[in-house]
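Good morning, everyone. Please bring the structure up on your screens, and let's walk through it together.

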Amino acid sequence: MAKRDPKFYKDLAFRSELQNWRTPDWLFETLNTYFKFDCDVCANDSNYLCENYYTSENSCFDNPWGKINYMNPPYSRGMNKFIERAYLQWKDHNKMTVALLPSRTDTKWFHDYIYGKAHIFFIRGRLRFNDQPNPAPFPSMIVFWGVEDHRSLNALFESVQKGRDEQGK
């Protein structure tokens with residue numbers, strides 16, 4: 001049996017040249033129908049999903065968040081700062097945030113700001129992000145800070161998973 005190069009996980013499994021993975025349209029539409037987002041807090045001028053949005057120049061770190069926010073942060077070093085900000089917006093200001101994130105349950109940010117502090121949907125299979133010919137090289141999860149009645153999310157989760165399953169066909 002060939003021995004795996006120790007850099008495998010660092011170089012392939014947890015890294016991608018693309019940092020700004022645009023949320024699949026079907027997924028955002030499903031979530032937005034349920035939540036009616038006020039603001040896309042991690043966008044740029046070509047991938048924003050809400051009328052109100054923040055970019056790296058007009059940063060979510062320097063501006064007040066909406067009441068119900070959507071977040072798909074850059075999947076790179078520093079992602080933890082966006083996740084911490086979303087958690088603190090809920091904890092300190094009662095601002096709801098729904099985030100599409102890579103499912104990295106072994107990270108410090110997952111345990112510090114998500115696990116036991118938010119509702120989580122783990123998406124079965126790999127998402128195919130818009131304009132990408134192949135599925136992402138990582139699993140994804142949707143994190144909900146500030147959603148009080150998690151039972152009402154069951155139908156939403158079934159819709160999300162159905163959309164992902166249809167995408168994979």
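How many of the six residues of β6 are buried? Six of the six. So strand β6 is largely enclosed by the rest of the structure. One caution before we go on: this is a predicted model.

Stay with β6, residues 140–145. Ser140, Ile142 and Phe144 point one way. Met141, Val143 and Trp145 point the other way. Both groups are buried.

Now pick out Ser140 in strand β6. Its relative accessibility is 1%, so Ser140 counts as buried. What is Ser140 in contact with, leaving aside its neighbours within four places in sequence? The list includes Leu100, Leu101, Pro102 and Ser103. Phe121, Phe122 and Ile123 are on the list too. Leu127 and Phe129 complete the set.

Next, step back to the sheet. Six strands form an open sheet. Read across, the order is β2-β1-β3-β4-β6-β5. The pairing is mixed. Which strands are at the edges? They are β2, residues 52–53, and β5, residues 119–122. Each of these edge strands pairs on one side only.

Let's go through some of the pairings. Start with β1, residues 39–40, and β3, residues 68–71. These two run parallel, joined by two bridges. Find Asp40: its bridge partner in β3 is Tyr70.

Move on to β3 and β4. They also run parallel, and four bridges join them. Look at Tyr70 again. In β4, its bridge partner is Val98.

β4 and β6 pair in the antiparallel sense, over six bridges. Here Val98 stands opposite Phe144 in β6. β5 and β6 are antiparallel as well, over four bridges. Phe121 stands opposite Ile142 in β6.

A word on β4, residues 96–102. Seven of its seven residues are buried, so β4 is largely enclosed by the rest of the structure. Met96, Val98, Leu100 and Pro102 point one way from the strand. Thr97, Ala99 and Leu101 point the other way.

Now for the helices. Helix α5, residues 153–167, lies across β5 and β6. It runs at about 25 degrees to β5.

Is Gln161 buried or exposed? Buried: its relative accessible area is 6%, and the cut-off for buried is under 20%. Gln161 touches Phe122, Ile123 and Arg124, not counting residues up to four places away in sequence.

How does helix α2, residues 25–35, sit against α5? The two axes come within 10 Å and cross at roughly 165 degrees. That makes α2 roughly antiparallel to α5, because angles over 145 degrees count that way. The crossing is right-handed.

Which residues meet there? From α2, we have Trp26, Leu27, Thr30, Leu31, Tyr34 and Phe35. From α5, we have Leu153, Leu156, Ser159, Val160, Gly163, Arg164 and Gln167. The residues of this contact divide into eight nonpolar, four polar and one charged.

To recap, start from the open sheet of six strands. Within that sheet, β4 has seven of seven residues buried, and β6 has six of six. Helix α5 lies across β5 and β6, and α2 is roughly antiparallel to α5. Thank you.

How values were computed:
Residues are numbered from 1 along each chain as its sequence is written. This is a predicted model: local features need pLDDT of at least 70, side-chain atom pairs count only at pLDDT 80 or more; totals for chains, interfaces and linings use all residues. Side-chain values use heavy atoms; hydrogens and water are left out. Two strands pair if DSSP finds at least two bridges between them. Contact means heavy atoms within 4.5 Å. Axes are lines fitted to C-alpha atoms, for helices over the stretch in contact, and angles run from 0 to 180 degrees between N-to-C directions. Angles under 35 degrees count as roughly parallel, over 145 as roughly antiparallel, 65 to 115 as roughly perpendicular and the rest as oblique. A crossing is left-handed if the near helix is turned anticlockwise from the far one by less than a right angle, and right-handed if clockwise. Ala, Val, Leu, Ile, Met, Phe, Trp, Tyr, Cys and Pro count as nonpolar, Asp, Glu, Lys and Arg as charged, and the others, Gly among them, as polar. Buried means under 20% relative accessible area, exposed over 50%, partly exposed in between (1.4 Å probe, protein chains only).
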